[in-house]
Amino acid sequence: MALYVFPTTTFKPSSSASCEVGIAGEAIAVGDALYRDSTTSKWYLSDANGAAAKQTVEGMAATASGADGCRIVVCRTDDALDTGATTTQVMALGDILVLSATPGKLQPAPADSGSKSIVVALANTATQMKLVLKAGSAV
């Protein structure tokens, strides 16, 4: 199943977004699904096949991080998150995005990411380019 890849130059939270600045614990790309480590408070890539803590999604990266210790902006909720005009997987109105077995990446539901994976609903599409992001809760 194709993974969603969001262009860095066009991934833009709306004025109603709930975002915060944090510290990355590893290299992170714009649009990656993230969780915050409860011990270090750093942000890491969520992973449907990872340990239980990694199987949660608490936000999406609005900025990239080159390595551990870099500042990052994390978008936690947004009713009109602009993902850009193109993705490797074209989104259709009403699509549900779920966490994939590739760390940080999303795919269309239902998740087909391996026998150990779980479905983590992160967002649904409002248009072909905009998401309704509700990290940490059902969409």
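There are 5 salt bridges in this structure, a salt bridge being a side-chain nitrogen of Lys or Arg within 4 Å of a carboxyl oxygen of Asp or Glu. Before I go through them, note that this is a predicted model, where local features need pLDDT of at least 70, side-chain atom pairs count only at pLDDT 80 or more, and totals for chains, interfaces and linings use all residues. Residues are numbered from 1 along each chain as its sequence is written, and side-chain values use heavy atoms, with hydrogens and water left out.

Start with Glu 20. It pairs with Arg 36, and the closest N and O atoms are 2.9 Å apart. Glu 20 sits in strand β1 (residues 18-23) and Arg 36 in strand β2 (residues 33-36), so this bridge ties together parts that are 16 residues apart in sequence. Strands here are DSSP runs of E, at least two residues, numbered from the N terminus.

Glu 20 also bridges to Arg 76, with closest N and O atoms 3.3 Å apart. Arg 76 belongs to strand β5 (residues 71-82), so that pair links parts of the chain 56 residues apart.

How exposed is Glu 20? It is partly exposed, at 23% relative accessibility; buried means under 20% relative accessible area, exposed over 50%, and partly exposed in between, with a 1.4 Å probe and protein chains only. Arg 36, at 28%, is partly exposed, and Arg 76 is too, at 22%.

Next, Lys 42 and Asp 68, whose closest N and O atoms are 2.8 Å apart. Lys 42 is in the loop between β2 and β3, Asp 68 in the loop between β4 (59-61) and β5. Asp 68 is partly exposed, with 46% relative accessibility. Back to the shared partners: Glu 20, Arg 36, Glu 58 and Arg 76 form one network of salt bridges.

The largest nonpolar core has 13 residues, and Phe 6, Phe 11, Met 60 and Leu 106 touch the most other members. Such a core is a set of buried Ala, Val, Leu, Ile, Met, Phe, Trp, Tyr and Cys residues joined through side-chain atoms within 4.5 Å. Apart from it is another core of 8 residues, including Trp 43 and Ile 72.

Last, confidence. The chain averages a pLDDT of 78, pLDDT being the predictor's confidence in each residue, from 0 to 100. Strand β3 (residues 43-45) has the highest mean, 96, and strand β8 (residues 121-125) the lowest, 56. Over residues 115-119 the pLDDT is below 50. Where pLDDT is low, the predicted coordinates should not be read in detail.

Definitions and conventions. Helix = DSSP H or I, 4+ residues; strand = E, 2+ residues; numbered from the N terminus. Contact = heavy atoms within 4.5 Å.
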